[in-house]
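My notes follow in the order I checked things.

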Amino acid sequence: METQYPLTDFVEYSPAELQQRASAHLALMQRRHTIRSFSDKPVPRQVIEQLIQVAASAPSGANHQPWHFVAISDPAVKQQIRHEAELQEAGFYNGRAGDEWLNALKPLGTDAHKPYLETAPWLIVIFSQKRGGIDNNDSDTNYYVHESVGIATGFLIQAAHQVGLVSLTHTPKPMSFLSKICGRDNDNDRPYMLLVLGYPAADATVPAHALKKKPFDQICTVVE
């Protein structure tokens, strides 16, 4: 039987404090916005590493932690990523995406140009891993990989907002060029997402379309 340890670090709050904390957190997260105009103001490496540690605390299938994060601040590497991403995005916007997808994107005002990939101080490439298990030398199958890496990415986005940074999720298709640039061109690692992190530019904007959120009764059913 596996060793079990008592839960010693859980903190229980009174009902009043529970409500206060829930309200405060909701207000905080409602100020989170995806932006596409970044400042080049630097962010310390230690902060990025701690944000990734938060992401790595996410739950995962069988606790196999099927992810790897590549944090990039090197200007030359960011330039290379921008070049390759824009090549893929040009094909996407020039017809590969299809009319329905492109029409859905129109209210956001996006196009094939991605200058923020060079301007932002950090890019984090998130990889999913098919195999690996919990120890470095394992080659066990990983389970619920997509779900696990998605949760970890959510943790990372929320952690960045908590400390006062902004982010953008970017998924150029295909993303295989990221494997080569990041030195993870193998059969096990697959690019999952590219996260842009930093401070907003002074003239950063939020599309009106992005501020439209579905009402609560459309997104949740409560059964009591």
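Predicted model: local features only at pLDDT ≥ 70, side-chain atom pairs only at ≥ 80, totals over all residues.

**Entry 1: two positive phi values**

I looked for residues other than glycine with positive phi. Ala62 turned up, with a phi of about 55 degrees. I found Ala62 in the loop between α2 and β1. Is Ala62 buried or exposed? Its relative accessible area is 55%, so I put Ala62 down as exposed.

Asn63 came up in that search too, with a positive phi near 55 degrees. Asn63 sits in the loop between α2 and β1. Asn63 has a relative accessible area of 39%, so I logged it as partly exposed.

**Entry 2: the chain as a whole**

I then stepped back to the overall layout. I read eight helices and four strands in the protein chain. Along the sequence they follow the pattern α-α-β-α-α-α-β-α-β-α-β-α. The C-alpha atoms fill a box of roughly 55 × 45 × 35 Å along the principal axes. The chain has 224 residues, and 36% of them count as buried.

I also checked how far apart in sequence the contacting residues are. I took contacts between residues at least 6 apart in sequence; 81% of these join residues at least 24 apart.

**Entry 3: the sheet**

In what order do the four strands lie? I traced β1-β2-β4-β3, an open sheet with antiparallel pairing. β1 (67–72) and β3 (166–170) are at the edges. Each has a single partner strand, so one side of each lacks a neighbour in the sheet. From one strand to the next, the twist averages 25 degrees.

A reminder to myself: strands of a sheet pair through backbone hydrogen bonds, either parallel or antiparallel.

Next I counted bridges. β1 and β2 run antiparallel and are joined by six bridges. β2 (residues 122–129) and β4 (residues 189–198) also run antiparallel, with eight bridges between them. I picked out single pairs to follow by eye. Leu123 has Val196 of β4 as its bridge partner. Ser128 of β2 stands opposite Trp67. In β4, the partner of Ser128 is Arg190.

**Entry 4: how covered is β2?**

How many residues of β2 are buried? I got eight of its eight, and β2 is mostly covered. Trp122, Ile124, Ile126 and Ser128 are on one side. Leu123, Val125, Phe127 and Gln129 are on the other. Residues on both faces are buried.

**Entry 5: helices on the sheet**

I came back to the sheet pairing, with its eight bridges between β2 and β4, to see what packs there. Helix α2 (residues 45–55) touches β1, β2 and β4. The direction of α2 makes about 165 degrees with that of β1. Helix α3 (residues 75–96) also packs on the sheet and touches β1, β2, β3 and β4. For α3, the angle with the direction of β1 is about 115 degrees.

**Entry 6: two helix contacts on α6**

I started with α2 against helix α6 (residues 145–163). Their axes come within 8 Å and cross at roughly 140 degrees. That angle makes α2 oblique to α6. I scored the crossing of α2 and α6 as right-handed. From α2, the contact uses Leu51, Ile52, Val54 and Ala55. From α6, it uses Ala152, Phe155, Leu156, Ala159, Ala160 and Val163. The tally is 10 nonpolar, no polar and no charged.

Then I turned to helix α1 (residues 15–29). The axes of α1 and α6 come within 10 Å and cross at roughly 95 degrees. The two helices are therefore roughly perpendicular to each other. His25, Leu28 and Met29 of α1 meet Gln158, His161 and Gln162 of α6. I sorted the residues of this contact into two nonpolar, four polar and no charged.

**Entry 7: a cis peptide**

Last, I checked omega angles. Which residues does a cis peptide bond join? I found Lys173 and Pro174, with omega at about -10 degrees. Pro174 is in the loop between β3 and α7 (176–181).

Methods. Residues numbered from 1 in each chain as written. Heavy atoms only, no water. Pairing = 2+ DSSP bridges. Axes fitted to C-alpha atoms, helices over the stretch in contact; angles between N-to-C directions. Contact = heavy atoms within 4.5 Å. Parallel < 35°, antiparallel > 145°, perpendicular 65-115°, else oblique. Left-handed = near helix turned anticlockwise from the far one by under 90°. Nonpolar A, V, L, I, M, F, W, Y, C, P; charged D, E, K, R; others polar. Buried < 20%, exposed > 50% of the residue type's maximum accessible area, 1.4 Å probe, protein only.
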